[in-house]
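Please read the following walk-through with the model open beside it.

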Number of protein chains: 2
Amino acid sequence: MFQQFTNTHSGKHGPERLAALREQMQTEGLDGFIVPRSDMFQGETVADCDDRLAWLTGFSGSAGYAIILADQAGVFVDGRYRLQVREQVEDCYTPIDWPEVTLRDWLEQNAAGKIIGFDAWLHPVNEIKTLRDNKADVELRAVDNLVDKIWTDRPAPPAAKFFAQPEEFAGESAASKRTRLAEGLREAGTTAAVITLPDSIAWLLNIRGEDVSHTPAPHAFAILHDTGRCDLFAREGKADEIMDHLGEDVAVLPFEGFEAALLQLSSPVLIDANSCPQIVAEALAGAEVETFEGRDPCVLPKALKNATELAGMQAAHDRDAIAMCRFLAWFEANSTSGITEIDVVKTLEGFRRDTNALRDISFDTISGAGPNGAVIHYRVTEETNRTLGTGELIVVDSGAQYQDGTTDITRTLAIGEAGADERHCYTQVLRGMVAVSRARFPVGVNGGHLDALARQFLWAEGMDYDHGTGHGVGAYLGVHEGPCGISRRAAQIPLQPGMVLSNEPGYYRNGAFGIRVENLIFVANVEGGIDAHRNLLGFETLTYVPFERKLIDKALLSKEEVAWIDAYHAKVLDKVGPHLDLPTRGWLSAACAPL
Amino acid sequence: MFQQFTNTHSGKHGPERLAALREQMQTEGLDGFIVPRSDMFQGETVADCDDRLAWLTGFSGSAGYAIILADQAGVFVDGRYRLQVREQVEDCYTPIDWPEVTLRDWLEQNAAGKIIGFDAWLHPVNEIKTLRDNKADVELRAVDNLVDKIWTDRPAPPAAKFFAQPEEFAGESAASKRTRLAEGLREAGTTAAVITLPDSIAWLLNIRGEDVSHTPAPHAFAILHDTGRCDLFAREGKADEIMDHLGEDVAVLPFEGFEAALLQLSSPVLIDANSCPQIVAEALAGAEVETFEGRDPCVLPKALKNATELAGMQAAHDRDAIAMCRFLAWFEANSTSGITEIDVVKTLEGFRRDTNALRDISFDTISGAGPNGAVIHYRVTEETNRTLGTGELIVVDSGAQYQDGTTDITRTLAIGEAGADERHCYTQVLRGMVAVSRARFPVGVNGGHLDALARQFLWAEGMDYDHGTGHGVGAYLGVHEGPCGISRRAAQIPLQPGMVLSNEPGYYRNGAFGIRVENLIFVANVEGGIDAHRNLLGFETLTYVPFERKLIDKALLSKEEVAWIDAYHAKVLDKVGPHLDLPTRGWLSAACAPL
């Protein structure tokens with residue numbers, strides 16, 4: 001679980017591998033071939049054996065595509081990777097600004113009338129639909145993956161076996177989940193749902209896996225029948241240790257049998273066209289099985305954490321807060337002693353390991369000092385590693401996977417004393433976070449409606465941040481989880497009790513500093529308003545770790561904001577203090593004193 | 001333009017008229033017939049000759065439907081009219097809670113397999129599409145209007161002629177508007193647009209009319225061709241005085257020729273299915289002319305007021321503010337002297353007439369004292385008229401039509417001294433209005449994203465209001481205008497410079513009191529933020545009339561809120577003061593003193 005600080009795909013083999021791929025294209029009668037970063041599970045992380053884009057092009061970002069034509073090859077990367085891609089890919093590739101230029105735009109411009117191959121396991125139904133809906137007679141043809149044919153030293157798939165997530169953490173038996181989802185399928189008039197998202201399967205069957213780093217979701221596909229029975233398709237041996245746990249209503253079948261199983265289904269079958277691989281739609285169409293396109297039926301119930309899951313999340317956050325507070329005390333003592341961004345990552349991870357409960361970190365820690373803090377998705381490497389400079393800020397965004405819950409926390413810290421400008425901006429960011437934390441709102445409001453609360457103080461002064469205010473978070477699952485968020489771009493699904501979200505406004509001044517403050521919160525009913533007939537919702541906080549008081553400009557705060565922060569800090573001291581040694585507890589007392 | 005205080009359709013003829021309608025149904029071989037409140041123009045107000053629903057049933061609300069079957073008859077009314085309908089309709093009608101029960105729901109329950117007639121001029125395309133998409137084999141059949149056949153003393157259509165809105169107020173010639181909209185039609189690949197909304201036609205051709213009260217929109221239909229030429233279909237004589245103004249590229253044609261003209265169009269023709277009468281779709285389909293469903297092309301450009309229109313709106317508001325301030329001074333002197341809600345309406349209207357510029361009021365004034373203030377859409381009648389009681393609040397929501405602009409303002413006033421509860425609630429409502437007024441936000445934000453700013457202080461205490469925070473407002477046109485609004489239910493169209501909106505949070509305690517504070521504002525670019533690359537938008541205020549300081553609890557306000565209110569009041573005094581006589585100016589000085 002230790003974070004790596006090198007890019008593993010930095011070897012330079014671009015021209016040879018590209019030439020080999022073009023040979024394959026010619027053999028197959030194709031004018032081009034698309035290589036997405038995604039694997040068939042559409043997650044944020046892929047296993048080494050699925051990292052085709054990095055192997056082929058050298059580009060190691062977490063999203064993107066390559067399209068190879070006979071005479072040119074584009075690598076499509078988003079705003080985070082515009083500099084990185086130029087360092088990683090060789091001259092034989094042309095970086096393309098995606099999604100400003102879409103794959104379809106580029107194909108229309110560069111491949112009119114041509115035949116472009118793609119691997120139907122790797123692209124969701126809607127992605128292929130969009131590409132096929134082009135105005136330049138580009139033909140999209142499903143073929144066997146051409147990269148796999150030339151990748152002779154391809155790593156083996158992850159071997160780790162699936163394991164059970166017991167009901168003491170899940171709070172509901174898998175049988176109960178299957179039963180209620182099957183009822184939904186029958187109500188919708190569908191006979192079965194094809195489920196291809198690993199965290200959906202993890203939630204539905206109360207299982208976990210270790211197939212990719214940081215997210216304990218199992219690489220598998222499933223078909224849930226309207227009877228409540230379920231077929232789980234997994235590579236051989238992966239499910240050996242969960243057979244009893246799964247029970248007799250779940251059939252474990254070889255992954256190779258998945259396509260054949262689709263052909264046996266009766267119409268109509270529910271698929272989620274935003275995540276379901278195109279191969280599924282093609283198999284069902286070939287067998288004349290009708291599809292019903294809707295949302296993966298696990299996604300919303302998974303987002304609504306039950307009481308057991310919320311209790312687990314709270315326990316995980318309380319445990320994580322002890323590690324964070326130990327880290328913060330260490331940081332305060334050492335930040336001006338020549339430590340580096342990597343020292344910060346390693347030390348923080350060490351405190352989390354000391355909990356003896358850490359399963360994994362929940363994502364690569366962001367540790368960005370000075371100007372590196374302004375790079376929103378910064379990941380420190382040996383090349384970029386920066387020694388912390390007095391007067392700078394550092395953004396530390398990190399999280400942990402424990403069996404009872406997933407954490408995600410950002411604190412921005414001052415190295416020595418901070419300047420007035422940094423304090424001003426930090427305080428306005430913090431006020432936004434507090435405004436969301438304090439928000440109450442009626443049923444029907446979605447996260448997009450609350451986003452302005454987090455930004456209002458920045459907007460008032462001509463500032464903003466180019467990311468959402470919050471994302472959903474799983475319970476010992478993905479640190480980024482749909483469908484809800486606090487964002488103008490999130491799905492417009494009303495907030496409901498049990499949804500766990502991040503609350504993380506920020507501010508980034510290019511070349512100078514970055515600021516982000518992040519707590520996790522969950523939606524809960526709020527009692528006791530003036531009008532009893534209004535059922536208002538609000539947020540409860542999961543994360544209890546002090547804010548950087550050196551960066552708070554109290555003069556900017558309202559009475560209510562001061563009261564909220566003081567009450568928050570009092571609760572931090574109450575929760576965490578008893579678990580610290582005396583010197584650290586002394587540090588915490590000072591950090592949590594009323595403003 | 002004087003407001004009426006009686007319901008003109010209160011005669012009791014329900015059973016006879018219903019029996020006559022049923023006879024017509026039988027003659028036509030129908031099992032039922034739908035009578036909407038709407039006319040073919042889908043506006044909020046209908047001419048007397050089009051008020052079929054009120055003539056037939058007695059129900060005089062501003063929205064609703066009746067469906068007549070052989071053995072029952074339902075009158076569909078929304079939450080505003082649940083009490084009123086029971087007083088107005090006789091036993092032969094059954095009130096139905098609409099839209100909780102939709103017309104389709106009710107037809108599926110009560111008219112399975114039956115043939116229901118409707119007048120294809122009165123229902124938008126999408127409404128009929130929804131009704132036809134029923135699960136009970138209800139057949140919807142377009143027929144001549146059966147009410148018209150039995151309504152022997154039906155009033156004549158409005159005779160007032162259309163008149164020009166000169167470029168000095170419109171800010172852009174009609175020729176220029178036609179040219180740029182025609183370019184949009186060509187870009188969309190359409191040959192023509194059918195325009196059936198009167199305010200769209202008013203804007204496009206820079207004309208106005210007097211066909212309904214309060215909204216100066218002409219009753220006419222138009223076809224805009226992709227050449228920029230336009231056909232205007234109007235009843236005989238209506239356009240006599242604007243022939244020169246319209247010019248040679250606008251053909252004035254008899255209304256009776258509209259259907260025949262549709263048959264001559266080439267595919268595809270743009271229609272707005274949310275407002276275009278079903279008769280248009282049927283005519284085009286009959287002639288095998290393809291339709292392209294999109295938004296009426298005038299709606300968005302009309303919402304983006306140009307500099308001349310904004311200057312006119314400002315002049316109209318400054319003029320209206322003088323009338324309002326004179327009214328407020330009168331109110332302060334007389335409110336505890338036994339005046340009534342109707343006295344308030346008449347006096348305010350008198351001050352507006354004194355401007356010598358009043359064309360009409362922009363809607364029936366809402367003047368609701370005590371518990372009447374809690375009825376959001378209250379309209380005072382002789383029956384409900386209430387003498388103002390000391391200690392009560394009164395909500396006064398009113399507006400004017402001037403040739404240079406339309407106004408809409410709400411002030412909540414204290415009659416004598418107000419209680420602490422009322423002051424608390426008023427102040428929280430006012431804070432919401434101030435928060436929206438002060439908001440800055442980036443391009444891309446829509447009104448739904450800002451709605452929470454207006455409600456946050458109420459939500460925090462378990463309060464809310466059951467209406468939008470703001471609606472679009474026309475320039476000497478409809479006081480309610482699409483497509484934008486400050487509401488979670490408004491169209492999700494990004495706010496853009498030139499959009500004029502109301503900003504009117506409220507609070508209503510049933511049986512006790514109501515509160516609403518409303519200014520008009522418009523979207524404008526904001527200069528001078530910290531990050532110059534961020535193009536932020538904000539609001540500028542049109543309405544400058546003092547708030548009720550007796551209702552402001554200063555202890556609840558932040559420093560910034562106090563500063564905003566003080567600066568606002570200073571501007572009121574500056575703008576309005578010089579236009580008042582000495583005693584009234586003295587009153588205004590006190591009303592506008594710093595808090």
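How many bridges join strand β10 of chain B to strand β11 of chain B, and do these strands run parallel or antiparallel? In this predicted model, β10(B), residues 221-225, and β11(B), residues 230-234, run antiparallel and are joined by 4 bridges. Within this pairing, B:Ile223 has B:Asp231 of β11(B) opposite it. Both strands belong to an open sheet of 6 strands in chain B, with the order β12-β11-β10-β8-β13-β14 and mixed pairing. At the edges are β12 (250-254) and β14 (291-293) of chain B, each of which pairs on one side only. On average, neighbouring strands of this sheet are turned by 25° against each other, direction ignored. Helix α8 of chain B, residues 174-187, lies across β8 (192-195), β10, β11, β12 and β13 (269-271) of chain B, and runs at about 70° to β10(B).

Between β16(A) and β17(A), residues 393-398, the antiparallel pairing extends over 4 bridges. One of the residues involved is A:Gly368, whose bridge partner in β17(A) is A:Val395. Strands of a sheet pair through backbone hydrogen bonds, in either the parallel or the antiparallel sense.

The backbone also has some local features to note. Most residues other than glycine have a negative phi, and most peptide bonds are trans. The bond joining A:Ser267 and A:Pro268, however, is cis, with omega about -15°. A:Pro268 sits in the loop between α11 (258-263) and β13 (269-271) of chain A. In chain B, the peptide bond from B:Ser267 to B:Pro268 is cis, with omega near -15°, and B:Pro268 is in the loop between α11 (258-263) and β13 of chain B. A:Asp137 is not a glycine but has a positive phi of about 50°; its place is the loop between α5 (125-132) and β6 (139-142) of chain A.

Next come the charged pairs. Side chains of opposite charge can pair when their charged atoms come close. Over all chains, the structure holds 66 salt bridges. One of them links A:Lys305 and A:Glu481, with the closest N and O atoms 2.6 Å apart. A:Lys305 is in the loop between α13 (299-303) and α14 (307-334) of chain A, while A:Glu481 is in strand β23 (residues 481-486) of chain A, so this pair ties together parts that are 176 residues apart in sequence.

The contact between the chains remains. Chain B and chain A each contribute 29 residues to it. Together they bury about 2,600 Å², of which 53% is on carbon and sulfur atoms. On the chain B side, B:His449, B:Trp459 and B:Arg534 lose the most area to chain A, together 23% of what that side buries. Across this interface there are 2 salt bridges; among them is the pair B:Arg534 and A:Asp466, whose closest N and O atoms are 3.1 Å apart. The two chains also have 9 residue pairs in polar contact. Three elements of chain B, β21 (440-442), α17 (447-459) and β25 (506-509), each supply at least two residues of the side that touches chain A. The largest share of that side, 7 residues, comes from α17(B). By class, the side of chain B that touches chain A has 14 nonpolar, 6 polar and 9 charged residues.

Conventions:
Residues numbered from 1 in each chain as written. Chains lettered and ligands numbered in written order. Predicted model: local features only at pLDDT ≥ 70, side-chain atom pairs only at ≥ 80, totals over all residues. Heavy atoms only, no water. Contact = heavy atoms within 4.5 Å. Buried area = accessible area lost by both parts, 1.4 Å probe. Salt bridge = Lys/Arg side-chain N within 4 Å of Asp/Glu carboxyl O. Polar contact = N/O pair within 3.5 Å; in protein donor to acceptor, adjacent residues only side chain to side chain. Nonpolar A, V, L, I, M, F, W, Y, C, P; charged D, E, K, R; others polar. Pairing = 2+ DSSP bridges. Axes fitted to C-alpha atoms, helices over the stretch in contact; angles between N-to-C directions.
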